[in-house]
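Subject: Structure handover

Hi,

Here is the structure for your files. My notes follow below it.

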Amino acid sequence: MTLKEKILVVEDEKDLVRLIRYNLEKEKFRIISAGDAETGLVMARKAKPDLIILDIMLPKMDGLDFLRSLRKESQVPVVLLTAKRSELDRILGLKLGADDYIVKPFSVGELHARVEALLRRVNQPANAGGDAKPVAIGALEVDFERHEIRVKGKRAELTPKEFELLKLLIEANGKVLSRDQLLERIWGHGKDMEIDTRTVDQHIARLRHKLKSESVRIATVTNFGYQIKMN
Ligand code: CA
């Protein structure tokens with residue numbers, strides 16, 4: 001049995017820690033935990049986890065201060081747990097360097113999906129084999145290494161999510177990808193979550209708009225998903 005990545009859970013609610021530990025250990029992750037931020041910081045330094053699940057509401061030093069201190073010394077991916085959706089906007093505004101956010105209460109399935117998606121994202125080497133080479137599809141040029149695209153030689157600005165979407169479609173090489181597949185691979189969400197497949201449609205719409213004359217390359221497969229026309 002090979003164990004997967006080591007995850008540090010910083011949370012003072014013991015029942016929640018137990019629940020996370022039980023479910024992620026079942027998925028072969030190694031789980032360590034700390035009930036307060038100070039202990040968490042010591043463990044982050046000593047145990048060098050591959051990912052941290054961090055609650056904002058902690059005794060004494062809160063999760064946001066933890067994250068501020070952590071980011072001075074480490075870029076380990078962090079999933080932030082927040083108790084309120086309203087709190088989320090404020091946190092996003094602070095740009096503290098969390099990599100993903102989950103609003104409580106959440107299902108362990110959702111947490112697991114997010115953890116897997118985040119680890120996949122950070123474990124992807126910047127220069128991932130063949131796909132680092134720029135590709136040209138008609139008048140569309142995509143430089144995976146620089147995260148740049150050009151349409152008829154003119155640079156178009158894509159958001160990271162739009163770029164990932166385009167990259168997945170190109171990697172699928174004309175194969176149809178369902179909305180659920182795209183949602184899961186880019187947002188790390190399963191079917192029971194608040195962000196739904198319309199998010200995919202909205203991003204595709206914006207991506208098409210930016211691809212201008214090449215927008216026709218992204219074809220809609222009714223009631224299913226999308227594909228890219230490679231030629
Ligand atoms: Ca808490």
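Which residues coordinate the calcium ion? They are E11 (OE), D12 (OD), D55 (OD) and M57 (O), at 2.1 to 2.6 Å. Donors here are N, O and S atoms within 2.8 Å of the metal, or 3.2 Å for Na, K and Ca; water is not among the atoms, so sites may look incomplete. Along the chain the donors of the calcium ion are spaced E-D-x42-D-x1-M.

First, the ground rules. This is a predicted model, in which local features need pLDDT of at least 70 and side-chain atom pairs count only at pLDDT 80 or more, while totals for chains, interfaces and linings use all residues. Residues are numbered from 1 along each chain as its sequence is written, and side-chain values use heavy atoms, with hydrogens and water left out.

E11 is buried, with a relative accessible area of 2%. D12 is partly exposed, at 34%. (Buried means under 20% relative accessible area, exposed over 50%, partly exposed in between; 1.4 Å probe, protein chains only.)

Next, the domains. The protein splits into domain 1 (6-122) and domain 2 (135-228). These bounds come from an automatic or database domain assignment. The C-alpha centres of domain 1 and domain 2 are 29 Å apart.

Now the helix packing. Helices (H or I, at least four residues) and strands (E, at least two) are DSSP runs, numbered from the N terminus. Axes are lines fitted to C-alpha atoms, for helices over the stretch in contact, and angles run from 0 to 180 degrees between N-to-C directions.

- α6 (residues 160-171) and α7 (residues 179-187): the axes come within 10 Å and cross at roughly 125°. That makes α6 oblique to α7. (Under 35 degrees counts as roughly parallel, over 145 as roughly antiparallel, 65 to 115 as roughly perpendicular, the rest as oblique.) The contact (heavy atoms within 4.5 Å) involves K161, E164, L165, L168 and E171 of α6, with L182, R185, I186 and W187 of α7.
- α7 and α8 (residues 197-211): the axes are 9 Å apart, at an angle of about 85°. The pair is therefore roughly perpendicular. R179, D180, L182, L183 and W187 in α7 meet T197, T199, V200, D201 and H203 in α8.

Last, K4. K4 sits in the segment before β1 (6-10). K4 is partly exposed, at 29% relative accessibility. Leaving aside neighbours within four places in sequence, K4 contacts E27, K28, F29, R30 and E116. K4 and E27 are 23 residues apart in sequence, and 8.2 Å apart C-alpha to C-alpha.

Best wishes
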